[in-house]
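This briefing is meant to be read with the sequence and the coordinates at hand. The notes follow the structure by topic, beginning with a pair of helices and moving on to individual residues.

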Amino acid sequence: CGTTVPRYFSMRAGWFSRIEQVYTVITSVVTVFTMVVISADVFCRYFLNSPLDWSYELIGQYCLALMMYGPMSDLFHQRKHLNVDLFVRHLRPAIALRLEAALELLLLPVLGLLLWLVASTGLQAFLDHEVIASGPYLWPTWIVPAIASLSIGLLIIRCVLNILVPGCREEKRGTCHISHE
C-alpha cells in the first residue's frame with residue numbers, strides 16, 4: 001500500500017498504536033482483576049459467609065465499563081471488531097481502502113456527537129458530585145462516562161489516522177507500509 005503521507009502523520013500513527021496497546025493491556029489487567037475479585041467474593045460468600053460488599057459495585061460500575069469500552073480503538077485498528085466485509089472482500093484493495101475511508105468519514109460525526117453527550121454527562125456528574133450509595137461506600141458516577149469518553153476519543157483519533165494514514169490499516173501490528181514525502 002505504497003501510500004505517500006507526511007512523516008508527521010505516520011509518526012503519530014505509530015505512537016498512537018502504542019497508546020492503544022497500553023490501554024488494551026490495562027483493560028486486560030482489569031479483566032484478570034475482575035475474575036480474581038469475583039472468585040474471592042464467591043469464596044467469601046459461600047465458605048466464610050461474609051461476601052465482599054464492595055465487589056458488585058466495583059465490577060458493575062467501573063471494571064465492566066473499562067472492559068467493554070477500553071479495547072474499542074485497538075480492536076478497530078486490528079480489524080477484530082464486528083465487520084461486514086461481504087462486498088469489500090470482492091473489491092480491489094485500493095477501492096476497498098477508499099470505501100473504508102468514506103465510511104469512517106461518515107462515522108466521525110456520529111462518534112463526535114456520542115463523545116459530546118457522554119463527556120457532558122460525565123462532566124455534569126463530576127460537577128454535581130453525583131454518587132451511588134451502596135452500603136457504606138459512595139461510588140462516583142462520573143468515572144464510567146470518563147472511561148467511555150476516553151475510549152470514544154481514542155476511536156475518533158483512530159478513524160482520523162486511518163483516513164490520513166491508510167497504510168497503517170493493516171491487520172497485523174507494526175506493518176505500516178508508508179513512503180514519506
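In this predicted model, helix α2 (residues 55-69) packs with helix α5 (residues 143-164) at an angle of about 10°, and the two axes lie 9 Å apart. Because angles under 35 degrees count as roughly parallel, α2 is described as roughly parallel to α5.

**The contact of α2 with α5**

- On the side of α2, the residues that meet α5 are Q61, Y62, A65, L66 and Y69, and their counterparts in α5 are I143, V144, I147, A148 and S151.
- Sorted by class, the contact of α2 with α5 comprises 8 nonpolar and 2 polar residues, with no charged residues.

**Helix α2 on its own**

- The 15 residues of α2 reach 20 Å from the first C-alpha to the last, which is close to the 21 Å expected at 1.5 Å a residue.
- A bend of about 35° is found in α2 at C63, and C63 itself is listed with S55, E57, L58, I59, Y62, A65 and L66 as buried in this helix.
- Of the residues of α2 that meet α5, Y62, A65 and L66 are among those concerned, and Y62, A65 and L66 are also buried.
- Y56 and I38 are 18 residues apart along the chain, and their C-alpha atoms are separated by 8.5 Å.

- S151 and S73 lie 78 residues apart in sequence, while the distance between their C-alpha atoms is 7.0 Å.
- A146 is also found in helix α5, yet with a relative accessible area of 33% it is partly exposed.

**Helix α4**

- For the 35 residues of helix α4 (residues 93-127), a span of 51 Å should result at 1.5 Å a residue, and the end C-alpha atoms, at 48 Å apart, agree with this.
- At L107 the helix α4 bends by about 30°, and the proline P109 follows within four residues.
- The buried residues of α4 are A96, L97, E100, A101, E104, L108, L111, V118, G122 and A125, and they pack against α3 (72-78) and α5.

**Positive phi values in two loops**

- Most residues other than glycine have a negative phi, which gives the background for the two residues below.
- N49, in the loop between α1 (7-47) and α2, has a phi near 55°, a positive value in a residue other than glycine, and N49 counts as exposed because its relative accessibility is 68%.
- H129, in the loop between α4 and β2 (131-134), has a positive phi of about 55° although it is not a glycine, and it comes just after α4.
- H129 counts as exposed, given that its relative accessibility is 65%.

**The chain as a whole**

- The chain contains 5 helices and 4 strands, and from the N terminus on these elements run in the order β-α-α-α-α-β-β-α-β.
- Buried residues make up 35% of the 181 residues of the chain.
- Among contacts in the chain with a separation of 6 or more, 75% are accounted for by residues 24 or more positions apart.

Notes
Residues are numbered from 1 along each chain as its sequence is written. This is a predicted model: local features need pLDDT of at least 70, side-chain atom pairs count only at pLDDT 80 or more; totals for chains, interfaces and linings use all residues. Side-chain values use heavy atoms; hydrogens and water are left out. Axes are lines fitted to C-alpha atoms, for helices over the stretch in contact, and angles run from 0 to 180 degrees between N-to-C directions. Angles under 35 degrees count as roughly parallel, over 145 as roughly antiparallel, 65 to 115 as roughly perpendicular and the rest as oblique. Contact means heavy atoms within 4.5 Å. Ala, Val, Leu, Ile, Met, Phe, Trp, Tyr, Cys and Pro count as nonpolar, Asp, Glu, Lys and Arg as charged, and the others, Gly among them, as polar. The expected span of a helix is 1.5 Å times one less than its number of residues. The bend at a residue is the angle between axes fitted to the seven residues ending there and the seven starting there. Buried means under 20% relative accessible area, exposed over 50%, partly exposed in between (1.4 Å probe, protein chains only).
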